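The entries below are in the order in which I looked things up.

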Amino acid sequence: KNEHIGEYFIQLSAFDMHDSEGSLEFLLIVKNVNDAPVVSNTIDDQFAYAYSEFNFTFDENVFTDIDPDDVLSYDFELYRFETLNGTDWLELNSDTRSFSGIPHNEDAGDYIVTLSATDLFGEQAETDFILTVYASSDVNDVVSDEITVYPNPAEKGFNLYIPDVNEVFIRMVDIRGTIVK
């Protein structure tokens, strides 16, 4: 076990029935054997929205390694459910354990993210979580302070990002001009 790693001075003494004594002294060195990291906690499913920056930092305790002073590095694979193809919009900073990226509408869908932790000796552990990317509504016309959204998103909802605005007044109307409440 790792708690036994270290150097131990051993002295063995033996006596026979005539009270003769013999002794031996030696140094016993217990070296560490690398242990692979393990998955200690799961990652909740995550959500991202097209054209919005996605940032997510996973907890430090998702993976653990009982080896003293072992350092873990992280990597990931991203696969779509439908095609099992990857995508390149998502990045991982291994030092900060942070995912970031800006998906587009063509990235909408469900992904399996396989996150791996590797120790200094190349041993690995992996865990998966689901990342769902939602498409944004298409904004076709921007005229002064008015934004027209097609198709009408009232049925499925939509995300509206308005940067650097102190006050926002939003009025939604259906195709007949009736205010949507």
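**Entry 1: ground rules**

I am working with a predicted model, in which local features need pLDDT of at least 70 and side-chain atom pairs count only at pLDDT 80 or more, while totals for chains, interfaces and linings use all residues. Residues are numbered from 1 along each chain as its sequence is written, and side-chain values use heavy atoms, with hydrogens and water left out.

**Entry 2: the whole chain**

I looked up the secondary structure and found 15 strands and zero helices. Helices (H or I, at least four residues) and strands (E, at least two) are DSSP runs, numbered from the N terminus.

I then looked up burial: of the 181 residues in the chain, 27% are buried. Buried means under 20% relative accessible area, exposed means over 50%, and partly exposed is in between (1.4 Å probe, protein chains only).

The accessible surface of the chain comes to about 13300 Å², and carbon and sulfur atoms hold 49% of that. Such areas come from the Shrake-Rupley method with a 1.4 Å probe; for residues, only the protein chains shown count as cover.

I also checked contacts, meaning heavy atoms within 4.5 Å. Among contacts between residues at least 6 apart in sequence, 56% join residues at least 24 apart.

**Entry 3: the core**

Which residues have the most contacts inside the largest nonpolar core? I noted Phe-58, Trp-89, Phe-99, Leu-115 and Leu-131, in a core of 23 residues. At least two residues of this core come from each of S5 (54–57), S7, S8 (90–93), S10 and S11. A nonpolar core is a set of buried Ala, Val, Leu, Ile, Met, Phe, Trp, Tyr and Cys residues joined through side-chain atoms within 4.5 Å.

Leaving aside neighbours within four places in sequence, Trp-89 is in contact with several residues, including Ala-48, Phe-54, Leu-78, Tyr-111, Leu-131 and Val-133.

Strand S10 (residues 109–118) is mostly covered, with eight of its 10 residues buried. I looked for its partners, taking two strands as paired if DSSP finds at least two bridges between them.

Strand S7 (residues 73–80) pairs with S10 in the antiparallel sense over eight bridges. Asp-75 has Ser-116 in S10 as its bridge partner.

Strand S11 (residues 124–134) also pairs with S10 in the antiparallel sense, over 10 bridges. Here Ile-112 stands opposite Ile-130 in S11. The hairpin of S10 and S11 has five residues between the strands, and Gly-122 there takes a positive phi near 90 degrees.

**Entry 4: strand S9 and its partners**

S5 and strand S9 (residues 98–101) run antiparallel and are joined by four bridges. The bridge partner of Asn-55 in S9 is Ser-100.

S8 and S9 are paired in the antiparallel sense over four bridges too. Leu-92 stands opposite Phe-99 in S9. S8 and S9 form a hairpin with four residues between them, and Arg-97 in the turn has a positive phi of about 60 degrees.

**Entry 5: a nonpolar patch on the surface**

I found a nonpolar surface patch formed by Tyr-8, Leu-12, Leu-24, Phe-26 and Leu-28, with about 440 Å² of accessible area together. Patches are made of residues with over 30% relative accessible area and no salt bridge: like charges are joined within 9 Å, nonpolar side chains (Val, Leu, Ile, Met, Phe, Trp, Tyr) within 5 Å. A salt bridge is a side-chain nitrogen of Lys or Arg within 4 Å of a carboxyl oxygen of Asp or Glu.

Which strand gives the most to the patch? S2 does, with three residues.

I looked up one member by itself: Tyr-8 is in strand S1 and counts as partly exposed because its relative accessibility is 33%.

Asp-19 lies in the loop between S1 and S2. Phi of Asp-19 is near 60 degrees, a positive value in a residue other than glycine. Is Asp-19 buried or exposed? Asp-19 counts as exposed because its relative accessibility is 68%.

Ala-36 lies in the loop between S2 and strand S3 (38–39). The C-alpha atoms of Ala-36 and Phe-121 are separated by 8.5 Å, although the two residues are 85 residues apart along the chain.
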